[in-house]
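Here is a friendly briefing to read alongside the sequence and the model. Shall we walk through it topic by topic?

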Amino acid sequence: MSIPVCVLPQNDPHIDDAVTSADGELVDLDQARVLAWLGGPDGFPELPDAVEWVALPSAGIEGFMRAGVIDDKRIWTNASGFYADNVAEHALALLLAGLRQIHTAARTRWDKKRIDTSVRSLHGSTVMVLGAGGIGKALIPRLSACGATALAVNHSGRHVDGAQETVTWKDLADVWARVDHVVIAAPATEETHHILDADALAALPDHAWIVNIARGTLIDQPALIDALRAGTIAGAALDVTDPEPPADDDPLFSLDNVIVTPHVANPSSTLTENLAPWIAENLRRFAGREQLLSVVEPGSAY
């Protein structure tokens, strides 16, 4: 029997095809057992009791939590891990661009003397992967392919495949000085707010590059700007900022050792195309009464 699924706030060809490919039936909300919600917390509809599962389109769901959207009456899933390969690729690109001074070369006309002395290699370095969930796990083999070693940081300290070492959040004070670079891929929670603060920045080596493809609030941005200006770290490559978007006169835009991309590690133009296979897989699991992927636990921030 087909599972009735509603796609809102508007239908999307990729998601619609995913639903029908998994023997789902596209219906209005008042007829649905499943809601595939493709918007943000604003405008989220009042749900009929018949809706048993809501699929949210993003890995970060803090906005939905703050809005009080997520309840305990039904199953909720997010997109944790669904975009991991896409975002990990962007993280690696940002790190390589900074180390190889691609951003500097793109802004100048053959300034060999300046750039030649600033280029560094990723090969042989140790990269902290701060948040070793889906994105972090997808990034680690990419780092290994470039000859780098990964030090993974997660909540449990449970070993992450491919990482030379795995530590918990509580161990961070002891490991900042042991890594060359940091890629932030952690969820935004009270525990991770400003996890990269002035003390952490001071402990890092002066050749360190910081990459953030998670949330801007994980970095104390004024402290980061101070460190970049002082040269206590080499640079920062940010796909997210705090606030977002930055003001036109934000200091980040005036620093030569900063790369800013406009939150495009997982571009919205391909979001539903990348989400669609996971919606289909979870719909098959739902129909078969199997455990869904990326279930949001009650009270969880991600």
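Asparagine 212 belongs to strand S10, which covers residues 209-212. Please keep in mind that this is a predicted model.

- With a relative accessible area of 0%, asparagine 212 is buried, because buried means under 20% relative accessible area.
- A polar atom of the asparagine 212 side chain lies 3.0 Å from the backbone nitrogen of alanine 214.
- What is asparagine 212 in contact with, leaving aside its neighbours within four places in sequence? The list is Ile184, Ile219, Ala237, Leu238, Asp239 and Val240.

**Methionine 128 in strand S6**

- Methionine 128 sits in strand S6, residues 126-130.
- Is methionine 128 buried or exposed? Methionine 128 counts as buried, since its relative accessibility is 0%.
- Not counting residues up to four places away in sequence, methionine 128 touches Leu151, Val153, Leu172, Val175 and Trp176, and also Val179, His181, Val182 and Val183.
- Aspartate 23 is 105 residues from methionine 128 along the chain, and the C-alpha atoms of the two are separated by 43 Å.

**Helices H1 and H10**

- Two packed helices are described by the angle between their axes and the distance between the axes.
- For helix H1 (residues 13-21) and helix H10 (residues 271-287), the axes come within 8 Å and cross at roughly 20°.
- That angle makes H1 roughly parallel to H10, because angles under 35 degrees count as roughly parallel.
- The crossing in which H1 passes H10 is right-handed.
- On the H1 side, the residues that meet H10 are His14, Ile15, Ala18, Val19 and Ser21. On the H10 side, their partners are Thr272, Glu273, Leu275, Ala276, Ile279, Ala280, Leu283 and Arg284.
- Sorted by class, this contact of H1 with H10 has eight nonpolar, three polar and two charged residues.

**Helix H9**

- Helix H9 spans residues 221-230, and its buried residues include Gln221, Ala223, Leu224, Ile225, Ala227 and Leu228.
- What do the buried residues of H9 pack against? They pack against helix H8 (198-203), strand S11 (235-238) and strand S12 (258-260).
- Glycine 231 follows H9 and has a positive phi, near 80°.

**Backbone geometry to look at**

- Most residues other than glycine have a negative phi, and most peptide bonds are trans.
- Leucine 8 and proline 9 are joined by a cis peptide bond, with omega about 5°. Proline 9 is in the loop between strand S1 (3-8) and H1.
- Another cis peptide bond runs from aspartate 242 to proline 243, with omega near 5°. Proline 243 has its place in the loop between S11 and S12.
- Aspartate 23, a residue other than glycine, has a positive phi near 65°. Aspartate 23 lies in the loop between H1 and strand S2 (24-26), and aspartate 23 is exposed, with a relative accessible area of 58%.
- Arginine 289 is not a glycine either, yet its phi is positive, about 60°. Arginine 289 is placed in the segment after H10, and at 81% relative accessibility arginine 289 counts as exposed.

Terms used. Residues are numbered from 1 along each chain as its sequence is written. This is a predicted model: local features need pLDDT of at least 70, side-chain atom pairs count only at pLDDT 80 or more; totals for chains, interfaces and linings use all residues. Side-chain values use heavy atoms; hydrogens and water are left out. Helices (H or I, at least four residues) and strands (E, at least two) are DSSP runs, numbered from the N terminus. Buried means under 20% relative accessible area, exposed over 50%, partly exposed in between (1.4 Å probe, protein chains only). A polar contact is a pair of N or O atoms within 3.5 Å; within protein, one must be able to donate a hydrogen and the other to accept it, and residues adjacent in sequence count only if both atoms are side-chain atoms. Contact means heavy atoms within 4.5 Å. Axes are lines fitted to C-alpha atoms, for helices over the stretch in contact, and angles run from 0 to 180 degrees between N-to-C directions. Angles under 35 degrees count as roughly parallel, over 145 as roughly antiparallel, 65 to 115 as roughly perpendicular and the rest as oblique. A crossing is left-handed if the near helix is turned anticlockwise from the far one by less than a right angle, and right-handed if clockwise. Ala, Val, Leu, Ile, Met, Phe, Trp, Tyr, Cys and Pro count as nonpolar, Asp, Glu, Lys and Arg as charged, and the others, Gly among them, as polar.
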